[in-house]
Each structure stands twice: as C-alpha cells, then as structure tokens.
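Please read the numbered points alongside the sequence and the model.

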Amino acid sequence: MALSRVCWARAALWGSAVTPGSFVTRRLQLGRSVLAWGAPRSSKLHLSPKADVKSLISYVVTTTKVINGKYHRFLGRHFPRFYVLYTIFMKGLQMFWADAKKARRIKTNMWKHNIKFHQLSYREMEHLRQFRQDVTKCLFLGIISIPPFANYLVFLLMYLFPRQLLIQHFWTPKQQIDFLDIYHALRKQSHLEIISYLERVIPLISDAGLQWHLSEMCTKIQRGIHPAIHDILALRKCFCSHPLGMNQLQALHMKALSRAMLLTTYLPPPLLRHRLKTHTTVIHHLDRALAKLGVAQLTAQEVKSACYLRGLNSTHIAEDRCRTWLGEWLQISCTLKEAELSLLLHNVVLLSINYLGTRR
C-alpha cells in the first residue's frame, strides 16, 4: 500500500515537470537543427583526389631517387668496372632518346611546312643524317633480339663487340678515340688502291691536258705532297663522263670508294652505285648548308665530326688545322655541280691522304 503511494507520487511529479506536448516540441526542434546544420563532420581533413595523386607521385619519385642513389653507390664501391659501363649505357640511352625526339620535331616541321631535306639548316640536316645511321645500326640488334631469350645473347654480343654493334653514345671516351682510329685505318687501306685505279684510266681520257693534270696529281700524292685546291678543280671535266663519271665507274673501283666512305661493299654494283650517289649527294647538301652557316660558327666537336665524315682522321689533329682543312673542302665542294659529284667522292682520298703528314 505504501509502495503504490510512492509510485503514484513520482508519476504525478514527473507528469507535472514534463508534459507530453513539451517533449514532442523538443524532439521536433532537435530534428530541425540537425537538418539545418547537416550531418556531423569528421574531425579529420581529407585532400582532393588530385592533391592525393600529386602527393603520391612526389613520394614515389623521391623514394625512387633515394633508392637509385643507394644503388649507384653500391655499384661504385663493389663493382667499379661494371658501374662505369652501366653509367655509360644509361647516359647513352638518354642521349639516344633525346636525339629521337629532336629528329621527330625536325620531321614534323618538314611535313607541316613542306620542307625538303636539302632546305634544312646544317645542324638539322646533320642531325637527321647521323640519327638515320644510328637507327640503321640499332636495327640489327632489334632483329636478332626478336627470338625468345635472345636478349641475353644480345647483351653478350654488345659487350664483346661494342664497335660493330653499338653507336657512339655507348662508347667510352677511350673507345671513341680507339674505334675512330680503327675505322680510319680500314678506309686508309683503300687509298692507294683508288690512286692506282686513277692511274689506270689515264690513257682512256680523251683530253691530253686532263691526262697530264691527272698524272701530275697522282705523282704528287704518291710522293706525299698535299694537292692544292686549284689542282683538284682543274680535273672537274675529267670526272663528268667516261671513265671517271659516277655512272661509268667500274665495280672494283666502286668497292674501293665504298671502303673509303665506310660503306658496305657487300652489294651488287647497281646498289653500290646508288648508295655512293646518295651518300655523296647528302654530303654535297651538307657542304652548301655549312657554307651558309660558316665554319667559324661550329663548335670544336662539330668541326672534328665534319672532317671525319669527309675522310680526315681529325681525332689527333688540332682544331685550327681541322677548320683550315674543312675550309679547303668547302671551296671545292661548293664549286662543283651535280654532274661533277664523282670528283667530290674521290676528294675523300685526294684531299685527306697527305694532309699534315697523316699518311703513314
């Protein structure tokens, strides 16, 4: 009885303090406040997706640089010889990739503006010529690496035969000098052979004056005398038609000229003739563009490369001597016409064989 009275008293007390109407009103006010302010926010701040991607990329790049640096230091301490080869190989890949991008820009510009090869500047023309040569050399490696597991054999061949299989980007500084000397020694072997071919065709020349000039030229060269520019230009008519014109050269004569130009000789005579024509025409276009630019505008490396391409072993000759020789070459080349390019081809031997006593 007493317990029931206590319960009724508590019920009366609560009923008087909180009525049903006021309770419903407070619930509605709470719901409205929630709708007005939205869902409760998290205490953590989230970045945008783009910021997350950028931060992730920067983290990966930084980590990669750190690991790469540690790897380089490890190779340098424990495998110094391999580290040198590894460094040269990686730098060579970067230079070759840069050359490829530059060649693509030049070709795109040629296509957009309808520019021919001979209308390019000297540096653009020379870059395309050298890049085509490098790609041709790399093409052989790409072909032999096609079979499964052949890439291991390719790496071994590249290590054993770097001169034959790799381009200059992957040569060490010492190899660049040694290999260029080897190539020049190979083309020097054909110099005296070419002079002997010139002596043989002297009786076949119809003009007596040209016969005398050519005979004097061969005699001076055999005595070790460097020919003058006017002596070479005096033979222009001799190289326009039979027997020394580009279309009248004999097969053995063309093979000797191909070796002097560091071109392959394992081709049938029509292809040999076509390749000699193409190669000589490209050099003639380069000479005209270089004459417009001026030899003085070339760097030391560009001068030595230009001389080596034209038959002079410039690796052991001073820069000023190379510039003088290149100036003599341009005086002859820019005077010649298209029908006289056979003289420019033979000039690889005539102008370089005795320059500064290089003939040994």
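**Notes on the predicted model**

1. Aromatic pairs. Four aromatic pairs are present in the structure, which is a predicted model. One of them joins Trp171 and Phe179 in an edge-to-face arrangement, with 5.0 Å from centre to centre and 85 degrees between the planes. The angle exceeds the cut-off, because planes over 60 degrees apart count as edge-to-face. Both Trp171 and Phe179 are buried.

2. Charges over rings. Two arginine residues deserve attention here. Arg163 places its charged end over the ring of Tyr183, at 5.2 Å from the ring centre. Arg187 lies over the face of Tyr308, and here the distance to the ring centre is 4.2 Å.

3. Overall make-up. The chain contains 16 helices and zero strands. Of its 360 residues, 34% are buried. When contacts between residues at least 6 apart in sequence are considered, 64% of them join residues at least 24 apart.

4. Helix α14. This helix spans residues 300-309, and its buried residues are Val303, Ala306, Cys307, Tyr308 and Leu309. Tyr308 is also the residue whose ring face has Arg187 over it. The elements covering the buried residues of α14 include α5 (122-144), α8 (173-188), α13 (269-293) and α15 (319-333). After α14 comes Gly311, which has a positive phi near 110 degrees.

5. Helices α12 and α16. How do the axes of helix α12 (residues 251-260) and helix α16 (residues 341-350) cross? They come within 10 Å of each other and cross at roughly 60 degrees. The pair is therefore oblique. Residues making the contact are His253, Leu257 and Ala260 on α12, with Leu345, His346, Val348 and Val349 on α16. The crossing of α12 and α16 is left-handed.

6. His118. This residue is found in the loop between α4 (80-113) and α5. His118 and Arg288 are 170 residues apart in sequence, yet their C-alpha atoms are 8.9 Å apart in space.

Note on methods:
Residues are numbered from 1 along each chain as its sequence is written. This is a predicted model: local features need pLDDT of at least 70, side-chain atom pairs count only at pLDDT 80 or more; totals for chains, interfaces and linings use all residues. Side-chain values use heavy atoms; hydrogens and water are left out. Rings of Phe, Tyr and Trp (its six-membered ring) pair if their centres lie within 6.5 Å; planes under 30 degrees apart count as stacked, over 60 as edge-to-face and the rest as tilted. Buried means under 20% relative accessible area, exposed over 50%, partly exposed in between (1.4 Å probe, protein chains only). A charge sits over a ring if NZ of Lys or CZ of Arg is within 6 Å of the ring centre and within 35 degrees of the ring normal. Axes are lines fitted to C-alpha atoms, for helices over the stretch in contact, and angles run from 0 to 180 degrees between N-to-C directions. Helices (H or I, at least four residues) and strands (E, at least two) are DSSP runs, numbered from the N terminus. Angles under 35 degrees count as roughly parallel, over 145 as roughly antiparallel, 65 to 115 as roughly perpendicular and the rest as oblique. A crossing is left-handed if the near helix is turned anticlockwise from the far one by less than a right angle, and right-handed if clockwise. Contact means heavy atoms within 4.5 Å.
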